[in-house]
Amino acid sequence: MTLQVNIREETGAPLQAGAFVKLSSDFNRQHVTATTQDASTAPNVMSGEYDLEVEAPGYRTATEHASIMAAGSDFTVYVYMHRIPSP
C-alpha cells in the first residue's frame, strides 16, 4: 500500500515551501522520513495506526494521526500548515 501525504496551507492551497515529513508507527515499528514540495508518498506502508509530523520553514509544526485499514490500495492524508505570525 502507498500512503500519500498531501501538504496544504491553511487556505487549502498546496504548500509552496519545501516540507519535512516524519511518519511513525510504534505498533508496526515503521519510521519513514521524506522531504517534499507539496506532497510526499511513503511506499510499502502496512495497515495500522500512524502519527505524522510535518515541518516547514515559517510554519508551525503540524501533526496528524492516520488509521490505515485498507491493505492493497492507496490512502491519502491531508495535512494543513499554519503560518507563524510575523512579529
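Colleague: How many salt bridges does a search of the whole structure find?

Modeller: Two, counting a side-chain nitrogen of Lys or Arg within 4 Å of a carboxyl oxygen of Asp or Glu. Bear in mind that this is a predicted model, where local features need pLDDT of at least 70, side-chain atom pairs count only at pLDDT 80 or more, and totals for chains, interfaces and linings use all residues. Residues are numbered from 1 along each chain as its sequence is written, and side-chain values use heavy atoms, leaving out hydrogens and water.

Colleague: OK, which residue forms a salt bridge with E53?

Modeller: K22 does, with the closest N and O atoms 3.1 Å apart. E53 sits in strand 5 (residues 48–55) and K22 in strand 2, so the bridge ties together parts 31 residues apart in sequence. Strands here are DSSP runs of E, at least two residues, numbered from the N terminus.

Colleague: And what does E55 meet in a salt bridge?

Modeller: K22 again, at 3.9 Å from N to O.

Colleague: Switching to F20, where is it?

Modeller: F20 is in strand 2, residues 19–25. It counts as partly exposed because its relative accessibility is 30%, between the cut-offs for buried (under 20%) and exposed (over 50%), with a 1.4 Å probe and protein chains only.

Colleague: What does F20 touch?

Modeller: Leaving out residues up to four places away in sequence, F20 touches T33, A34, T35, E53, V54 and E55, with contact meaning heavy atoms within 4.5 Å.

Definitions and conventions
Helix = DSSP H or I, 4+ residues; strand = E, 2+ residues; numbered from the N terminus.
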